[in-house]
Amino acid sequence: MSTEETNGFSAPNEDANVAGADSFESAPAGQAAENNETALGADDAAQASSEGSADDMSAFEEQIEDSDLATALERIASVEDQLARANAELYNQGQEYANYVRRSKEAIPGYKTAGQDEVIESLISVLDDIAAARAHGDLEDGPFASIATKLEETLKTRFELERYGAPGDDFDPALHDALMATTSPDVDHPVIGQVLTSGYRRGERVVRAAKVLVNNPE
């Protein structure tokens with residue numbers, strides 16, 4: 001009897017043990033390979049999903065950027081339009097102001113002359129009294145005669161005020177106001193026969209027309 005039999009049991013078959021070991025070792029290796037393949041597939045899917053998400057996010061960001069750019073361009077266009085309108089309005093106001101200043105400067109001499117005429121017209125009655133007093137011999141001398149002469153000379157030199165109208169002058173409807181008329185064999189055209197009220201003028205402008213009696217030819 002062999003030693004194996006003497007001990008009462010059979011020794012394990014080494015070939016069987018080796019096969020079993022190989023089978024045990026090969027099973028986990030195959031499963032690991034499958035797990036690795038599954039993991040790789042999952043990684044690829046995750047990477048693909050990540051890349052797809054990144055592409056979607058990039059496209060979304062581009063849309064957002066395009067939208068923001070369009071909004072910004074619209075705002076810029078609106079601001080430019082408002083600026084153009086403001087500049088046009090400012091230009092128009094500047095032109096209106098310049099025209100106003102020009103018209104005001106052009107009107108100043110007229111306003112000045114009108115003011116002077118108003119003062120002179122208020123003094124004409126005083127000048128009439130002076131002329132009447134001089135005609136009656138009341139202003140031959142004395143302080144009042146000097147004041148009257150100075151007033152008349154000042155109005156003539158500074159304001160070009162001139163008294164006009166004398167008997168024998170040709171009648172001019174633009175200068176004389178005929179209150180009465182008569183005929184005379186001594187004239188061959190209308191002439192002034194008598195001055196009822198002297199006229200006054202400043203240069204070519206009549207301040208007050210002379211009131212006269214006209215002698216017409218027969």
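Two strands are said to pair if DSSP finds at least two bridges between them. Helices (H or I, at least four residues) and strands (E, at least two) are themselves DSSP runs, numbered from the N terminus. The structure described here is a predicted model, in which local features need pLDDT of at least 70 and side-chain atom pairs count only at pLDDT 80 or more, while totals for chains, interfaces and linings use all residues. Residues are numbered from 1 along each chain as its sequence is written, and side-chain values use heavy atoms, with hydrogens and water left out.

**Strands**

Strand E1 (residues 161-164) runs antiparallel to strand E4 (residues 199-202), and four bridges join them. Within this pairing, Glu162 has Arg201 in E4 as its bridge partner. E4 also pairs with strand E5 (residues 205-208), again in the antiparallel sense, over three bridges. Here Tyr200 stands opposite Arg208 in E5. E4 and E5 form a hairpin with two residues between them, and Gly203 in the turn has a positive phi of about 65°.

**Salt bridges**

Side chains of opposite charge can pair when their charged atoms come close. A salt bridge is counted when a side-chain nitrogen of Lys or Arg lies within 4 Å of a carboxyl oxygen of Asp or Glu. By this rule there are eight salt bridges, including those in the table.

| Pair | Closest N to O |
|---|---|
| Arg202 and Asp117 | 2.7 Å |
| Asp128 and Arg208 | 2.8 Å |

Arg202 lies in strand E4 and Asp117 in helix H2, so this pair ties together parts that are 85 residues apart in sequence. For accessibility, buried means under 20% relative accessible area, exposed over 50%, and partly exposed in between (1.4 Å probe, protein chains only). Arg202 is buried at 14%, and Asp117 is buried at 7%. Asp128 lies in helix H2 and Arg208 in strand E5, so their pair ties together parts that are 80 residues apart in sequence. Asp128 is partly exposed at 23%, whereas Arg208 is buried at 19%. Glu106 and Arg102 both lie in helix H2, four residues apart, which is about one turn of the helix. Glu106 is exposed at 53%, and Arg102 is partly exposed at 41%. Salt bridges also link Asp117, Arg202 and Arg205 in a network.

**The annotated region**

An unreviewed UniProt entry places the feature "coiled-coil region" at residues 69-96. Over these residues the chain is 100% helix and 0% strand, with the end C-alpha atoms 40 Å apart. Leu69 is found in helix H2 (residues 14-135).

Conventions. UniProt positions are given in the numbering used here, feature names are shortened, and annotations may be inferred rather than shown by experiment.
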